[in-house]
Amino acid sequence: MINNLKESLVEEKVNTFFNVEAVRKDFPILERTIYGKPLVYLDNAATTHKPKVVIERLKEYYESENSNIHRGVHYLSQLATNKFEETREKVRKFINASSVKEIIFTKGATDSINLFASSFGRKFISEGDEIIITQMEHHANIVPWQMLCEANKAVLKYIPIDDNGELILSDLEKLITPKTKLISFLHVSNSLGTINPAKEIISIAHKHGIKVLLDGAQSIQHSKVDVRDLDADFFVFSGHKIYGPTGTGVLYGKESLLNELPPYQGGGDMIRVVTMEKTSYNELPYKFEAGTPNIAGIIGLGTAIDYVNTIGLENISNYEHELLVYAEKKLLEIEGVKIIGTAKNKAAVISFVLEGIHPHDVGTILDSEGVAIRAGHHCTQPIMQRFGIPATARASFSFYNTMEEVDQLALAIKKVFEVFK
Ligand code: PMP
C-alpha cells in the first residue's frame, strides 16, 4: 500500500519565493529549546503557534481597549465593539461569505458543530430522519450527531473509507434516501491528511435537496476556502488552528438558512425584547451569540487572519506541499516505517507506525530529541478501528517548519529503532 506512494514521489525543489527563516522569526516560541535541544514542533494539526503580532494584539487589547461589547455607550465599549466587529468582516472576506450576518463567533469548531447540531436538530430532525457523516470524522463531528440521533430517534450513517484513507464515494448515493436531511463531513482529515472532494460531495447532496455542514478545522489554515464556490451551507473552523488564540471559532451559515434555525443558548446579546412571559430574538448573527464572548481572542483572530493573508495562502499551500513530499520520502526511506493515509490529495499531515513499537513510545523518544509529534487516536477512534491499529504517531506541518526539521524527525525515528533493537 505504501510502496506505490513511494514510487510516485518526486524530488521537488524548495520554493524559492518562500523565506521560511524570515517567517520563523515571527514566532517567538520557535526559538526555545526542549531538554536543551532546539524545538522541532510537528503537532500543528493539534494547534498552531502564534505569531508575535497576535500575541502583542492581545496585550494591546487588555492594556488599552478592554471593555464589554455591544452594550455600552462609553468610548471603550464602542472601541472594543468596533474592533470585534472588524474581525467579523475579516472572516467574511477570508472565506468569501456574502454577508457578516453569516459569521457566528464560537469557542471553536467543536462548539460550532454542537451549536449547529442542537439548533438544526431541534428544527429539522425527527424520528426516522437520517444524517450521513464519514468514517474519518473527528469525534467532534460524530458524537454530537450520535447524541442528537439518540434524542430524536434519528439514524446516523457513514461513508466508509478505503485502504488509502479515501472516502468510498460510490457508496454515497446508496446511503442517501428520501429521509436524509444532512451530510456533515470534514474537508481535511486531521489523522490521515486526506483532502476530501468537498465540492463534489456538496453538489451530490444538493442534487437530492440535502443540506451540508463542512468541517474546515484542518483546511482553513492550509489552502483557500471559498464557501460560495464550494456552495457549503454551513462551515466551521477553530481560530487556534489558524495561528489565532484558543477559545475562538466560527460557524458560517447561509443567511437564509440561519434565519430558519432557532437560537442555541439563551442569554444576553441574543435577545431583542425580554418580558417575564416571553422573549423575542435578536437578528443575525447575534441571535446565536449569547453571553460575553472571547472578545480579546476574536480580535486576535482578526490579526491572525491579517498575518496569514500577508504570507499568502497560495505560498502556504505550495510550501507545505513541498514539506509533505519531502517528509514522506524521508520517512519511507527508513525500514519499518509505514504511513497510514496515502490518499492522492493530502494536506501536510503524516500518520505513521513503526513496526513492533507502540506509537506512545515513539512519541516519548521523539520528545526526548526535542521533536514534538502526537501519538494516539487523534480523536478519530473509528479510523484506528478501520485500520486495525490502536494508535498512530502523527507529524503535522506548518509553513514555519523547515526541511532540516524533517531531517531531524527522520533522525529521531532512526533513534527509536536503535533504542528498540
Ligand atoms: N474537526 C477536526 C477535523 C479537527 O481536527 C478538530 C481538532 N483536532 C476539531 C474538529 C475540533 O476542533 P476544536 O478542538 O478546536 O474545537
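1. Start with the ligand. In this predicted model, the residues around the ligand are A109, T110, H138, A140, L186, N190, D215, A217, Q218, S238, H240 and K241. Sorted by class, that shell has 6 polar, 4 nonpolar and 2 charged residues.

2. Next, look at the polar pairs. S238 puts an N or O atom of its side chain 2.7 Å from an oxygen atom of the ligand. K241 also uses its side chain: a polar atom there sits 2.8 Å from a nitrogen atom of the ligand. With A109 it's the backbone that takes part, with a polar atom 3.4 Å from an oxygen atom of the ligand.

3. How much of the ligand's accessible area does the protein cover? On its own the ligand has 400 Å² of accessible area, and the protein covers 85% of that.

4. Now for a pair of helices. Helix α3 runs over residues 52-64 and helix α11 over residues 295-311. They pack at an angle of about 145 degrees, and their axes are 9 Å apart. If you're checking the handedness on screen, the crossing of α3 past α11 is right-handed.

5. Which residues make up that helix contact? From α3 you'll find V53, V54, R57, L58, Y61 and Y62. Their partners in α11 are I295, A296, G297, I299, G300, T303, A304 and Y307. By class, the residues of this contact split into 10 nonpolar, 3 polar and 1 charged.

Conventions. Residues numbered from 1 in each chain as written. Predicted model: local features only at pLDDT ≥ 70, side-chain atom pairs only at ≥ 80, totals over all residues. Heavy atoms only, no water. Near = heavy atom within 4 Å. Polar contact = N/O pair within 3.5 Å; in protein donor to acceptor, adjacent residues only side chain to side chain. Areas by Shrake-Rupley, 256 points an atom, 1.4 Å probe, with all protein chains shown as cover. Nonpolar A, V, L, I, M, F, W, Y, C, P; charged D, E, K, R; others polar. Axes fitted to C-alpha atoms, helices over the stretch in contact; angles between N-to-C directions. Helix = DSSP H or I, 4+ residues; strand = E, 2+ residues; numbered from the N terminus. Left-handed = near helix turned anticlockwise from the far one by under 90°. Contact = heavy atoms within 4.5 Å.
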